[in-house]
Amino acid sequence: MTIKVYGSKQSTCTQRVVLALHEKEIFDYELVTVDLQKGEQKRPEFLQLQPFGKIPVYQDDEVTLFESRAVVRYIAEKFPDPEGYFLYGRNLKEKALVEQWVEVESQNWNPVVETIVREEYFNPTFFGKQPNEQLVLENLLKLEKLLDIYEAHLSKSQYLAGDFYSLADLSHIPYTFYLIKYAKKGQVIASRRFVKAWFEDICALRSWQKILTNFLE
């Protein structure tokens, strides 16, 4: 099967899709670079794939998909899990819990963390803009409240959806890594025992380490 991922190595959403492929031990894919700074995502040929002009886009012999969380769900369903992995859960209840925490990441976690990383890293690094420190502060306060909820939950559960690593955990990795390494806001994670242990655990997985080596180093 021919698999293409249209995106950028620096894009956290692209990383989410590639990470899902790695978790399925699928390494034979083509990463087609889309240069956002040159506006390639707005060119007509790309808009035929993604009419909203955003990355990533996933293609295989059967489907063309965009929206990274939809893509990783597709990957989780389509390809068999390696032994000991249950990216989408083992039954209907577990799948519902995975879905619940993927939604939490999408609707609660990502908007806050994305804003902080955009202001503290992407804007000054790639667009020459100064951070809006008031906006950063407001979102850090929101993040602190979110992290208190995560801390309470993870004190009773090894992973977000239960005792197994899933799409719910996977979806948190790229932007949280950027929050720590590039936005320099790692203290909010390090100060919470269970959140810290959870994130160190999921970042130590071989699949993410492969992305660090090939994409970010």
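Trainee: Which element gives the largest share of the lining of the largest pocket?

Mentor: This is a predicted model. Helix H1 (12-23), helix H3 (68-78) and helix H4 (92-126) are the elements that give two or more residues to the lining of that pocket. With 7 residues, the largest share comes from H4.

Trainee: How much space lies in the largest pocket, and which residues are closest to its centre?

Mentor: The space in the largest pocket comes to about 960 Å³. Its lining is made of 30 residues. The closest to the centre are Ser-11, Leu-36, Ile-55, Glu-114 and Tyr-175.

Trainee: Which element supplies the largest share of the lining of the second largest pocket?

Mentor: The second largest pocket holds about 160 Å³ of space. Its lining residues include His-22, Glu-23, Leu-205 and Arg-206. At least two lining residues come from each of H1 and helix H9 (206-215). The largest share, 3 residues, belongs to H9.

Trainee: How many charged residues are in the lining of the second largest pocket?

Mentor: Asp, Glu, Lys and Arg count as charged. The lining of this pocket also has 4 nonpolar and 2 polar residues. The number of charged residues is 4.

Trainee: Is Leu-87 buried or exposed?

Mentor: Leu-87 sits in the loop between H3 and H4. Residues under 20% relative accessible area count as buried. Leu-87 has a relative accessible area of 1%, so the residue is buried.

Trainee: Which residues does Leu-87 touch, leaving out those up to four places away in sequence?

Mentor: One can start with a C-alpha separation: Leu-87 and Asp-169 are 82 residues apart along the chain, and their C-alpha atoms are separated by 9.2 Å. A contact, however, needs heavy atoms within 4.5 Å. By that criterion, Leu-87 touches Glu-23, Lys-24, Ala-76, Asp-81, Val-98, Tyr-165, Ser-166 and Leu-167.

Trainee: Why does Ser-106 count as buried?

Mentor: Ser-106 is part of helix H4. The cut-off for buried is under 20% relative accessible area. Ser-106 counts as buried because its relative accessibility is 18%.

Trainee: Which residues does Ser-106 touch, not counting those up to four places away in sequence?

Mentor: The contact cut-off is again heavy atoms within 4.5 Å. With sequence neighbours up to four places away left out, Ser-106 touches Arg-69 and Pro-111.

Methods. Residues numbered from 1 in each chain as written. Predicted model: local features only at pLDDT ≥ 70, side-chain atom pairs only at ≥ 80, totals over all residues. Heavy atoms only, no water. 1 Å grid on protein atoms, 1.4 Å probe; cavity = no way out; pocket = protein on both sides within 12 Å on 5 of 7 lines; lining within 4 Å. Points joined across faces, edges and corners; volume = space filled by probe spheres on them. Helix = DSSP H or I, 4+ residues; strand = E, 2+ residues; numbered from the N terminus. Buried < 20%, exposed > 50% of the residue type's maximum accessible area, 1.4 Å probe, protein only.
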